[in-house]
Amino acid sequence: WPLLAVDVEAILRLKREKNATILAHNYQAPEIFHTVADIVGDSLALAREAAATDADIIVMAGVHFMAETSKLLNPDKRVFIPDSRAGCSLAESITAADVRELRRRHPGVPVITYVNTSAAVKAESDICCTSGNALKIVRSLGVDRVIMLPDEFLARNIAAQAPEIEVITWAGHCEVHELFTPDDIRAVRESYPGVTVMTHPECPPEVVAEADFSGSTAMMADFVAYKRPQRVALVTECSMGDNLAQQFRDVEFVKPCNLCPHMKRITLGNIRAALEEEQHEVHIDPLLADRARAAVERMLAVA
Ligand code: 13P
Ligand code: SF4
């Protein structure tokens with residue numbers, strides 16, 4: 001990416017000067033993922049790394065809830081998001097008042113909150129989960145009923161794996177993954193015989209049912225790294241396959257995939273501006289942050 005080399009060089013210099021670290025989600029474009037990122041991974045890995053970093057500044061190349069999670073785990077560090085409009089349809093689907101109302105309707109039932117939520121929603125929760133640890137978290141509670149929000153499809157996909165537990169959910173959806181259909185999978189199998197189909201658990205259950213494997217973005221990457229299937233369809237955000245294709249030249253990556261418009265708001269240009277001008281800092285009300293942090297820390301302790 002010769003035209004972007006100037007930004008890359010500036011970012012690398014700024015990181016050294018300011019003792020900054022860049023965390024990048026697996027859905028970031030290859031020119032970010034393979035050049036300036038210090039840590040790449042799924043939401044769980046980014047949360048863990050945020051908890052472990054000794055940098056003074058964290059720049060989240062991801063979406064807003066990921067930056068908030070980093071801030072929750074590092075209240076004394078400065079956390080920046082290169083574009084504060086990088087949201088998430090799941091995070092926007094539910095408010096703290098909605099969670100309080102769910103608790104009122106289901107007294108005593110623990111609330112498991114997907115990390116794809118605002119700090120205010122996390123603050124109303126007993127424990128958080130990611131797509132990489134959701135099953136483990138649900139089972140860790142040792143109860144036969146849970147509220148799992150806000151992703152209806154993730155909750156239904158987990159419920160299918162834990163039939164002993166009743167899972168009450170919410171009608172939130174990922175605008176990227178809800179678009180896939182079982183026909184998409186049948187079509188890819190017809191066009192590419194022998195293809196290994198992987199889905200993210202934010203896909204509708206009838207889509208997941210057609211796949212060979214379903215897991216978080218890191219679980220899909222690990223599957224490719226260790227099993228080296230010849231042909232893979234990653235039924236998820238498009239940059240996932242683009243990033244892996246650069247790493248695993250012997251694997252053929254085929255469509256379908258969809259773009260996440262929120263993830264795509266992050267560019268080398270605005271990462272550079274975030275570092276240069278120290279802009280779009282994430283702030284969370286300290287009282288609310290204490291309650292939200294407890295839910296994230298409970299997750300990290302279990303998983
Ligand atoms: P992962 O935790 O699997 O990376 O998923 C995050 C996400 O936003 C998927 O849409
Ligand atoms: Fe949110 Fe879906 Fe984008 Fe992930 S892919 S950040 S869940 S809108």
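These notebook entries record what I looked up in a predicted model.

**Conventions.** I number residues from 1 along each chain as its sequence is written, with chains lettered from A and ligands numbered from 1 in the order in which they are written. In this predicted model, local features need pLDDT of at least 70 and side-chain atom pairs count only at pLDDT 80 or more, while totals for chains, interfaces and linings use all residues.

**Cys-174.** I located Cys-174 in the loop between strand E8 (166–168) and helix H9 (182–191); helices (H or I, at least four residues) and strands (E, at least two) are DSSP runs, numbered from the N terminus. Cys-174 has 25 C-beta neighbours inside 10 Å and therefore counts as buried (20 or more other C-beta atoms within 10 Å of its own, with C-beta atoms placed from the backbone). Leaving aside neighbours within four places in sequence, I list its contacts (C-beta atoms, placed from the backbone, within 7 Å) as Ser-89, Leu-90, Asp-151 and Glu-202.

**Cys-260.** I placed Cys-260 in the loop between strand E12 (252–254) and helix H13 (268–277). Cys-260 is also buried, because 21 C-beta neighbours lie inside 10 Å. Residues up to four places away in sequence not counted, Cys-260 touches Tyr-27, Val-176 and Glu-237.

**Ligand 1.** I recorded 13 residues around ligand 1 (C-beta atom, placed from the backbone, within 6 Å of it). Asp-42, Ser-43, Ser-131, Ser-216 and Thr-217 are the closest.

Terms used: A residue is buried if 20 or more other C-beta atoms lie within 10 Å of its own, exposed if 12 or fewer, and partly exposed in between; C-beta atoms are placed from the backbone. Two residues are in contact if their C-beta atoms, placed from the backbone, lie within 7 Å.
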